[in-house]
Amino acid sequence: MSDPKDFVAGIDSDQRRSPTRVAFVTRRTSAQVTVNREDQVQTYPEVLFRAALAIETLAIALVGFSLMFNAPLEGLADPTHTPNPAKAPWYFLGLQELLHYFPPVVAGVLVPSLLIIALIVIPYFNINIEANGLFLKDRTTRLRIFYVAALGILIFLLAFHVYVAVGPTVVVAVAMIVAANSTPESPWRLSRYLARRPLAYWIMTWFLLELIVLTAVGTWFRGPGWAWVLPWRGY
Amino acid sequence: MAVKTAAMVDKLRASRVWRSVFRSGTGNSTLHRALAIQQSIFLHLFSTKVRKRMVGFSATWYLGTLTFGTFLILVITGILLMLYYHPSVPQAYADMKDLQFVVSSGLFLRNLHRWSAQLMVFFVFAHMFKVFYRGAYRTPREFNWVIGVMLLIITLLLSYTGYLLPWDQLAFWAITVGSNLSSAVPFVGNKIHFLLLGGNQVNANALLRFYVLHCVVLPLAAILFIAVHFWRIRKDGGLYVQQSEPKPQQAKDRTSAATEVK
């Protein structure tokens, strides 16, 4: 490797010409790279055809649904007459449900901002990139942290009377305890699966369950004055 | 008959006019099919080949495709609805009634737009969770995930601004409840509230602002981000999931003489 090079590699900076790229492959230099051979299909026509088929199926289903069910339309907007309850669109009812427990600056500003920030930073945090089971390493320490965190969240929810959010928290906590007492070699498929889940999985699952429960409660179980109602009773 | 049609199609595709429009040329070879993607400004966003494993339903549930499908339906029905809609008070509500009773298929058009909008919000969330659980946000796809979060926010804003346009009780009070939240922002809350509504409460100015946001600003932003979102799939190495990456089968499969050129 001590031979002097008989060429100089440089960058062409003549703006009037397109630079020509030249690759020098000298002796003993290997251009080998590691790749996985995997079967592929051509985008045109195979993938585009499938995409078109999916979209057309969707369109047919939506046209059928639209022929059967009419979009809601109430009376002319009247600023002097407030309906009770006044509800936001369904995808915001989780937040509106939180508004019932916390002041607007928390439920309406802090929580949504933190959620958006949390979603954005997901791929930049190592806890999300680690794919190892949460309790497979440092089991005792991690279990201790888990108990403190789970109890803290439960006490917080109960202190603010957010009883509807307790259910998903308990479900996830129980699943995590099962995971902590499982090994990837367990004969049970479920415990094998749970044992291998990383921390990011548990946080996201908790968020998903809370989102579903809060939205469902806000949509179907809240009546006049945001009081608890049963959807089949009406109000 | 079939032979005659095929011959006519071949002749058409070989004609000078066709060749001037489509740069990929005629033929059904692998190269021509690749060129059909690579030489089109719209299709070149996609890669020319996709891993076979990722085309199956279980890999993605086609949630991204279906989200885009709802967006297409919304653009088409939205443009048609704009032909009958005036963003003024109380004409906006009268136009809703006209759509219901006077315009041919007006009710159907509004139904399709409304239900597609609800489904799009659902699909965007479903797509996000599917991508998360498949681990497809990991390096090098971090930034495409961020663009996806932007598209989630744009979708929610599109749906929210559209909610006011019928100018009925449902619309008015939903937007009142929602926009009051912006007043809770520390220090500048009232300013943001005023900027959003063009007044201190939901009124004709708010309707016009939401209309412009809903029909011009947000759709353009959505189209821009969707284009980047699609393009980054190719640039970041195609549809891929690390968790189910197949193990290298044999030693000779592990090496190859060249890198992929994207």
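Predicted model: local features only at pLDDT ≥ 70, side-chain atom pairs only at ≥ 80, totals over all residues.
Local features were considered at pLDDT of at least 70 and side-chain atom pairs only at pLDDT 80 or more, whereas totals for chains, interfaces and linings use all residues. Residues are numbered from 1 along each chain as its sequence is written, and chains are lettered from A, with ligands numbered from 1, in the order in which they are written.

Chain A comprises eight helices and two strands, where helices (H or I, at least four residues) and strands (E, at least two) are DSSP runs numbered from the N terminus; along the sequence they follow the pattern β-β-α-α-α-α-α-α-α-α. Of its 235 residues, 16% are buried, a residue being buried if 20 or more other C-beta atoms, placed from the backbone, lie within 10 Å of its own, exposed if 12 or fewer do, and partly exposed in between. Among contacts in chain A with a separation of 6 or more, 55% join residues 24 or more positions apart, a contact requiring C-beta atoms, placed from the backbone, within 7 Å.

Helix 5 (residues 139–159) and helix 6 (residues 166–180) of chain A have axes that come within 10 Å and cross at roughly 170°, the axes being lines fitted to C-alpha atoms over the stretch in contact and the angles running from 0 to 180 degrees between N-to-C directions. The two helices are therefore roughly antiparallel, a term applied to angles over 145 degrees. Residues making this contact include A:L143, A:F146 and A:A150 of helix 5 and A:V166, A:T169 and A:A173 of helix 6. By class, the contact has 11 nonpolar, one polar and no charged residues, with Ala, Val, Leu, Ile, Met, Phe, Trp, Tyr, Cys and Pro counted as nonpolar, Asp, Glu, Lys and Arg as charged, and the others, Gly among them, as polar.

The contact between the chains takes 61 residues from chain A and 75 residues from chain B. On the side of chain A, helix 1 supplies the largest share, 15 residues, and the residues of this side divide into 41 nonpolar, 12 polar and eight charged. Strand 2 of chain A pairs with strand 1 (residues 49–51) of chain B in the antiparallel sense over three bridges, pairing being assigned if DSSP finds at least two bridges; A:V41 stands opposite B:V50.

In chain B, none of the 13 residues of helix 1 is buried, so this helix lies largely in the open. B:V212, located in helix 12 (residues 204–235), counts as partly exposed with 13 C-beta neighbours inside 10 Å.

Methods:
Contact = placed C-beta atoms within 7 Å. Parallel < 35°, antiparallel > 145°, perpendicular 65-115°, else oblique.
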